[in-house]
Amino acid sequence: MSVLDRVNSPKDLKKLNVDELNALCSDIRSLLISTVSKNGGHLASNLGVVELTVAMHRVFNSPLDQFVFDVGHQCYTHKILTGRRDLFDSLRTEGGISGFTRPVESSHDIFSSGHSSTSISSAVGLARAKKIKGEKGKVIAVIGDGALTGGLAYEALNNSGNDNSNLIVILNDNNMSISPNVGSMAKNLTTIRTSPKYFTFKSKIQRAIAKIPKIGNQLIRSITLINTKIRKRIYKSTFFEDLGFRYYGPIDGHDMNALLEVLTAAKAHNHSVLIHVNTVKGKGYDPAEKNPTQFHGIGKFDINTGEPKNSGESFSLSFGKTMCKFAENDGRICCITAAMAEGTGLYEFASKFPKRFFDVGIAEQHAVTFASGLARNAMVPVFAVYSTFLQRSYDQLIHDVAMQQLKVIFAVDRSGFVGEDGESHQGIFDTSYLNSVPGMTIYAPSFYEELEAMFYEGIYKIKGAVAVRYPRGTQGELPVGYIYDHSPYTVFGDKNASKCMVTYGRLFSECYSALQELDDTFLIKLNKIKPISTAICDELTQCKKIYFYDEGIRTGGIGETFASMLMQRGMNVKFTHIAIDDEFVKQASVESQLRRYKMDRESIIEEVSHGKGEKNKT
């Protein structure tokens, strides 16, 4: 029996010695690599926090002590240790456990987490709530150094204050040093300060001094001041201590003894604590250690070689090639990413045009306002960002770009369904929130050649802000002989038919395929979804039923705008809007999500042939 077979809950960890804990970490790594190779997921970051997570659950008592992971994709070991080991093979599959923390799965998951830099804010709230209610237990926020590039983390640190005696922040430094290397003296000091003997001795001395009449408390304050000055000289950087934390570190995040000691000391501390832990992304799996960026979020791969099983052309790669092509001939073009250079297809651009490539870290708000500054001084900034992350910069998009009437191009990747990453990552909201921004022009390519042409239009033909939104993965079925002619919409079939399908983006291929099986039906493909050309109404004079297929949230989306346009023109037509209702889309494959929401070829044929969606009529 492996050690992992003996662990069914955090309580079981209390029975294990250090050697058994290290063996457990080895078992967990094997399970992580095996499962992610089949299901895809976030591998490198999870391999890096195995010892840290095991040590946390050994020292603390979850869920009395509350863990908040930032970002929630670091939680795989946590899930395995909290009763979900037997479900772990269902990771990121439809009906299975999520790749992020989800309270609906377990009381050990305190928050749903899919976006970065939120852990300290929520942990400060949790800790203060515990204090107000007089509840026992610590609140532990685990934040990676990448997440510390997000401004929200610093807002939370600034607000944490000196009175959070039940707050512990663990800085998982897995890529770069946050502060200068403080050397062996600092490490030795940390070892001394986290020793149980030192902690007990210090407490006894403080109590004894406090009993000295008249001068006891003054002596304690003086000694504390001297200690602080000494730590400043040794540590060199006291940023976290200046914010009110007791700083311990750096700690080897793969040394179980060191982790247990520092966590035990932090648990006994009557003050807010920040523990700086150094870990190795991809620890224990050679391909992930050598290329942690590739294995940060990866699809299925071959365990022996580390090679992805699915690769090739995609909208993201097509976008990257397009930007390189344009930048060759236009020195104004700059590309910006928020820590997603590889995911958005900009690695080649970064290599060819390093002075015009900017990775701002996980700071989408800054990225948009930074782009506005570039645009004001006559550059052409292109911000490549996943749809789900662009949500974080909505205010900047309105105030700093659109209101200023500046030319900023938004390359909105992963729009629509994204599959197994689940609720926090679906790109189903951008059509609604971008649709509400005055002066914004939005394109929706269905094919790679359209993507290039639409970016050209956005850069050289359109005034003001432009968004080009495109889906994850590859293009769909391309109609024989189809060439994008730069029209705002394209008609397929006989427009004298009584039924019409209207759609855009990825769903065009599903609708076009369905069209081949439908009678008395034609199809309108929207190329520009904002503004919608009113000339479309002239194409619908003989139409009695319209079916609008909208891969986005219904409220405020493109379908509602289209229906409003028809109403204002006084057109007497039955309108069926197939979209996502007032809900979050759960994890499943994209193909399954299309079927669930009646947007796949077979569902479209059934709907248009028999009117199964009449309840959605407008």
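Because Y456 and Y460 are four residues apart in helix α19 (residues 448-460), about one helical turn separates them; helices here are DSSP runs of H or I with at least four residues, numbered from the N terminus. The model is a predicted one, in which local features need pLDDT of at least 70 and side-chain atom pairs count only at pLDDT 80 or more, while totals for chains, interfaces and linings use all residues. Residues are numbered from 1 along each chain as its sequence is written, and side-chain values use heavy atoms, with hydrogens and water left out.

**Aromatic pairs**

The structure holds 33 aromatic pairs, where rings of Phe, Tyr and Trp (its six-membered ring) pair if their centres lie within 6.5 Å, and where planes under 30 degrees apart count as stacked, over 60 as edge-to-face and the rest as tilted. Two of the tilted pairs are set out below.

| Pair | Centre to centre | Angle between planes |
|---|---|---|
| F349 and F353 | 5.0 Å | 45° |
| Y456 and Y460 | 4.9 Å | 45° |

F349 counts as buried because its relative accessibility is 0%, and F353 counts as buried at 11%; buried means under 20% relative accessible area, exposed over 50%, and partly exposed in between (1.4 Å probe, protein chains only). Y456, by contrast, counts as partly exposed at 37% relative accessibility, and Y460 is likewise partly exposed, at 32%. Beyond these pairs, one aromatic cluster is formed by F315, F319, Y448, F455 and Y470.

**The surroundings of S318**

S318 has its place in helix α13 (residues 315-329), and it counts as buried because its relative accessibility is 8%. When neighbours within four places in sequence are left aside, S318 is in contact with E313, Y448 and L451, contact meaning heavy atoms within 4.5 Å. S318 and E449 are 131 residues apart in sequence, yet their C-alpha atoms are 8.6 Å apart in space.

**A charge over a ring, and a nonpolar patch**

K525 lies over the face of F508, 5.6 Å from the ring centre; a charge sits over a ring if NZ of Lys or CZ of Arg is within 6 Å of the ring centre and within 35 degrees of the ring normal. Elsewhere, I212, I215 and L219 make a nonpolar surface patch of about 230 Å². L219 lies in helix α9 (residues 216-235) and is partly exposed, with a relative accessible area of 34%. Patches are made of residues with over 30% relative accessible area and no salt bridge, nonpolar side chains (Val, Leu, Ile, Met, Phe, Trp, Tyr) being joined within 5 Å and like charges within 9 Å; a salt bridge is a side-chain nitrogen of Lys or Arg within 4 Å of a carboxyl oxygen of Asp or Glu.

Methods:
Helix = DSSP H or I, 4+ residues; strand = E, 2+ residues; numbered from the N terminus. Areas by Shrake-Rupley, 256 points an atom, 1.4 Å probe, with all protein chains shown as cover.
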